[in-house]
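Here is my note on the model, as numbered points. Please read it beside the coordinates.

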Amino acid sequence: MKIHIKLIDIAVFLILALLSGLAFFLANNTSQAFENFRSPLTDNPPAPGRPLGDPAVRRVILVVIDGLRVDTALDDSTMPTLAFLRSQGAFAVSQSKAPSYSLPGYATLLTGAWPDFNSAPAFNTDFERIPALTQDTLFKAVRDRGIQTAIAAYHWFGALLPKDQVIYAYYDPQDDRAADERVMAAALPWLEQPEIGFLLIHLDQVDYAGHNEGGPRDQRWLEAAARVDQYVDMSLSRIDLNQDLLIITSDHGHILAGGHGGKDPDTLSEPLILIGKGVNPGEYSGVKMVDIPVTIAALLGARLPASSQGRVLTEIVNLDEQVLSNLPAIQNLQQKTLLSAYARAVGETLDSRSIDGLQSVDDYQQAIEKIQQSKLNRERLGRAIPILLLLAGLVWLVIRLGQRRAVRLLAVTAAYWAIFLFRHAVADQIPFSFSSISSSDSFVFYVITTTGAAFGFVWVLSFILERIYQSSSWQAFCYGIELSASITSSLLLVCLAYFLCFGMLPTWILPDMRFAYINLLALTQIVFILPAGIFFGGIGAVITRYTPKPVE
């Protein structure tokens, strides 16, 4: 009987070791998988359409203030120039989609397509690994219209944009205050060249302050925003707002602690200011980041970027009459082409009858969502079978434990969860978001210390209350493994739910980013739960070895 029990204990240990190894593989490759993610349209992008007509303005200047929060943009004392522009022009809060990292945000502003469409990596990656966009870009559409383009920006833009799409370019490898000064030194002369019809200026020091100087709560953040505001003021003297149109926005926001990347309201809201020729002043709602590139294309009479998923903001800007006349038919064809190309790319059959009634951009985007949901549902059905088998195995193990023992383990597991979540969400007020990860090393260290503390507390408590110290050394060691198995099983339920919804790693579609973070948090805990069980089980074995046993 004792041999049988030990064999079962060894089998549980081996299963836990296997799960720990699998969790390590998945957790270690999560970031890499998001960096390697590419849109299904990458190799077969939709064909470009035809130009809309004549330009409504002489030129468009797009200023992207990296990382700027909406509340900072609305702070009149910090950014008085933006306050003046808001009062004279149009203002809206633009909404974006997760992941709220810079690379997918840049690509969205360049293509008008969301992160799972625009062919950029879903997570930030090394400069050398950034691929050039294969999707049609705003710069390409404007160049094909015969309009000169220019850009002064962080060098990630240079990696994303093919060289033939830009005539004048300056890309800086740094992202601090000095880099912004060099960017402005390059951009200011171009502002004095009216033949440049589209100019993008990217300023990075606010984002730098968010990551490296204390975040939005720090005075240095406000100082960085104030300096950028002065750069905008410097630019105004070189822009003729009777002929030109100035647009100011951001690629993402920051959480208050500093950081972005997740599905946080503050990171997915960006200020948007438009001022100049043809702008209807006022405050507007219902604006998305993908609307900005298509609106710029329409203002310049260019074609709509072929993969764009936004609408032209006709309520905010006045367009050429020919453009307004051509817009419905051209946008309908562009959206139809995009829908058909996406359906082919993901292997879905598109019913032509379902397309006939589609009219607005929202109609076509809802049709795309239905295609995605249909494919996801079929994949989930296939994944449900092995998951149900695993759950059946877990239920069988709980029944084998017996009611009293199972209830005790569930109570201890619940206590572990309560301690871990209390530190994460209450004591440290860390959001369940990739925005909270400043580096992989700090994230892993945080999970190790929190897992160790929570496991150690519940182990000590149960070791005393259950009088494990009166058992044999082997039984005390096995209790540590048993506790590991119970907690791992609960964490495994989170991972199985994520696997059911989205698979192990992102492939053709991006998962819900908050769920992805929670899954990564669970995987990382699983990696360290078994070592914690071995460590505390070993301590228990030593304690029981030298603890007097009651005389029977």
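1. Thr134 lies in the loop between H4 and H5. Helices here are DSSP runs of H or I with at least four residues, strands are runs of E with at least two, and both are numbered from the N terminus. Thr134 is partly exposed, because its relative accessible area is 37%. The cut-offs are under 20% for buried and over 50% for exposed, with partly exposed in between (1.4 Å probe, protein chains only). Thr134 touches Thr42, Pro45 and Ser119, leaving out residues up to four places away in sequence; contact means heavy atoms within 4.5 Å. The C-alpha atoms of Thr134 and Gly301 are separated by 22 Å, and the two residues are 167 apart along the chain.

2. On provenance: this is a predicted model, in which local features need pLDDT of at least 70, side-chain atom pairs count only at pLDDT 80 or more, and totals for chains, interfaces and linings use all residues. Residues are numbered from 1 along each chain as its sequence is written, and side-chain values use heavy atoms, with hydrogens and water left out.

3. Most residues other than glycine have a negative phi, and most peptide bonds are trans. Ser119 is not a glycine, yet has a positive phi of about 80 degrees. Ser119 sits in the loop between H4 and H5 and counts as buried, because its relative accessibility is 2%. Arg467, also not a glycine, has a positive phi of about 55 degrees. Its loop runs between helix H15 (440-465) and H16. Arg467 is exposed, at 51% relative accessible area. The peptide bond from Ala98 to Pro99 is cis, with omega near 5 degrees. Pro99 is in the loop between strand S2 (90-95) and helix H4 (102-111).

4. How do H14 and H16 pack? Helix H14 (residues 403-427) and helix H16 (residues 473-502) pack at an angle of about 65 degrees, with axes 10 Å apart. Axes are lines fitted to C-alpha atoms, for helices over the stretch in contact, and angles run from 0 to 180 degrees between N-to-C directions. H14 is therefore roughly perpendicular to H16. The classes are roughly parallel under 35 degrees, roughly antiparallel over 145, roughly perpendicular from 65 to 115, and oblique for the rest. From H14, the contact includes Arg405, Tyr416 and Trp417; from H16, it includes Tyr479, Glu482 and Val494. The contact residues divide into nine nonpolar, three polar and two charged. Here Ala, Val, Leu, Ile, Met, Phe, Trp, Tyr, Cys and Pro are nonpolar, Asp, Glu, Lys and Arg are charged, and the others, Gly among them, are polar.

5. Helix H3 (residues 80-88) and H9 pack at about 55 degrees, with axes 7 Å apart. H3 and H9 are therefore oblique to each other. Pro80, Thr81, Leu82 and Leu85 of H3 meet Asp229, Val232, Asp233 and Leu236 of H9. That contact divides into five nonpolar, one polar and two charged residues.

6. Helix H7 (residues 177-191) has buried residues including Asp180, Met184 and Trp190. Their cover includes strand S1 (59-65), strand S3 (148-154), helix H8 (205-212) and helix H9 (219-236).

7. Gln331 is found in helix H11 (residues 321-345). Gln331 counts as buried, because its relative accessibility is 11%. Leaving aside neighbours within four places in sequence, Gln331 is in contact with Leu304, Gly310, Arg311, Val312 and Val361.

Definitions and conventions:
Expected span 1.5 Å × (residues − 1).
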